[in-house]
Amino acid sequence: MSPVTTRTEALAGGVTISRLRHLLARGSWQRVFDGVFVTHGGPLTYRERLEAATRARGPGAVVSLECALHLWGLTDRQPPVITLAEPAGTHRTRALPGVRARRRRRLTTARRYGIPVTALPQTLLDVAAMMDADAIIARLTRAVAGRRVTVGQLREELAHHPRHPRRLLLEQVLTAADEGLESVAEVRYARDVERAHGLPRMQRQAALDGGERGRSRRLDFRDAERGLGVEIDGEIFHRDRAHLDRGRDREAAGRGDIILRAGWFEVVERPCQLAADVAAALLARGWTGSPTPCSPACAVRRDPRLRKAG
């Protein structure tokens, strides 16, 4: 049972005004906002603060933005300023200390831990408006991969936000998530290396190295016909696994295959050079296509290994 209550609820439950004053005076109860209390004397939890804010603001108020993201379990950060949303037709003038409320024409709601909150699809799109590209990719693909939300639900919500500032990127990310691309590095490889440079699409694979403890994720793109693999480090930080990489290299060599390895830096910071390397390896193994430079300064345009490809 939640320790958050209101003056009206306390009185309805049989607590008299004098008893309420006594509980507050001795520290058994605490006033969080005017007319809203917690029925204990210890430190307030973040969830109690969020619930108290919605109760103090009144019917229709829900937790929103990054505070909502915290309730949904997708961030550990606890923003010091509580953000609430309420229906557009709501007219309230009283301000709450440490609380920021915004009226919304569209407001889809749910409950987490008994606290009213914006529904997860709307929460993710609201927060995406304030994120950089890589953070958006990481947040959405993680939510989809964890089966917290579906691509269809996100697309449906995005349809209600035609002027979303990151709409184009969100559409691209949702397409990638729908294809099962689960990490920032993997999405960026498919978008910025393969598609941007006209490379043949390789078959995606994924695996875990190590046992149940200390395991790390690797992301593989394979061209079985030409015996070529591109292995991407799917995490920005990972445990040392050089011995596993060397072992796979030896196995591939024994089959007559080659593996090109790429990490976060190559995929995100040098996608054109990585595309040139992959294209050169594909051409050396019989690919009859031609890579496409993504810009006048693209490494694919300058690489001498690719001149015969046009």
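Let's start at Leu 65, which has its place in helix 4 (residues 65-71); helices here are DSSP runs of H or I with at least four residues, strands are E runs with at least two, and both are numbered from the N terminus. Phi of Leu 65 is near 55°, a positive value in a residue other than glycine. This is a predicted model, in which local features need pLDDT of at least 70 and side-chain atom pairs count only at pLDDT 80 or more, while totals for chains, interfaces and linings use all residues. Residues are numbered from 1 along each chain as its sequence is written, and side-chain values use heavy atoms, with hydrogens and water left out.

**The chain as a whole**

- The protein chain's secondary structure comes to 13 helices and 12 strands.
- Of its 310 residues, 47% count as buried, meaning under 20% relative accessible area; exposed means over 50%, and partly exposed lies in between (1.4 Å probe, protein chains only).
- The protein chain exposes about 16,400 Å², and carbon and sulfur atoms supply 49% of that area (Shrake-Rupley method with a 1.4 Å probe; for residues, only the protein chains shown count as cover).
- Among contacts between residues at least 6 apart in sequence, 54% join residues at least 24 apart; a contact means heavy atoms within 4.5 Å.

**Nonpolar cores**

- In soluble globular proteins, nonpolar side chains tend to be buried together.
- The largest nonpolar core has 47 residues, and those with the most contacts inside it are Phe 33, Val 63, Leu 124 and Leu 140. Such a core is a set of buried Ala, Val, Leu, Ile, Met, Phe, Trp, Tyr and Cys residues joined through side-chain atoms within 4.5 Å.
- Leaving aside residues up to four places away in sequence, Phe 33 touches Arg 49, Ala 52, Ala 53, Ala 56, Leu 96, Pro 97 and Val 99.

**Aromatic rings and a neighbouring leucine**

- There is one aromatic pair in the structure. The rings of Trp 29 and Phe 37 have centres 6.4 Å apart and planes at 40°, so this pair is tilted. Rings of Phe, Tyr and Trp (its six-membered ring) pair if their centres lie within 6.5 Å; planes under 30 degrees apart are stacked, over 60 edge-to-face, and the rest tilted.
- Trp 29 counts as buried at 14% relative accessibility, and Phe 37 counts as buried at 0%.
- Leu 20 touches Trp 29 and Phe 37, and also Arg 7 and Val 15, not counting residues up to four places away in sequence.
- Leu 20 is in helix 2 (residues 17-26) and counts as buried at 3% relative accessibility.
- The C-alpha atoms of Leu 20 and Ala 10, 10 residues apart along the chain, are separated by 8.1 Å.

- Arg 57 is in helix 3 (residues 46-57) and is buried, with a relative accessible area of 13%.
- The side chains of Arg 57 and Glu 86 are joined by a polar contact of 2.9 Å. A polar contact is a pair of N or O atoms within 3.5 Å; within protein, one must be able to donate a hydrogen and the other to accept it, and residues adjacent in sequence count only if both atoms are side-chain atoms.
- The charged end of Arg 47 sits over the ring of Tyr 113, 3.5 Å from the ring's centre (NZ of Lys or CZ of Arg within 6 Å of the ring centre and within 35 degrees of the ring normal).
- Arg 147 lies in the loop between helix 6 (133-145) and helix 7 (151-158) and is exposed, with a relative accessible area of 78%.
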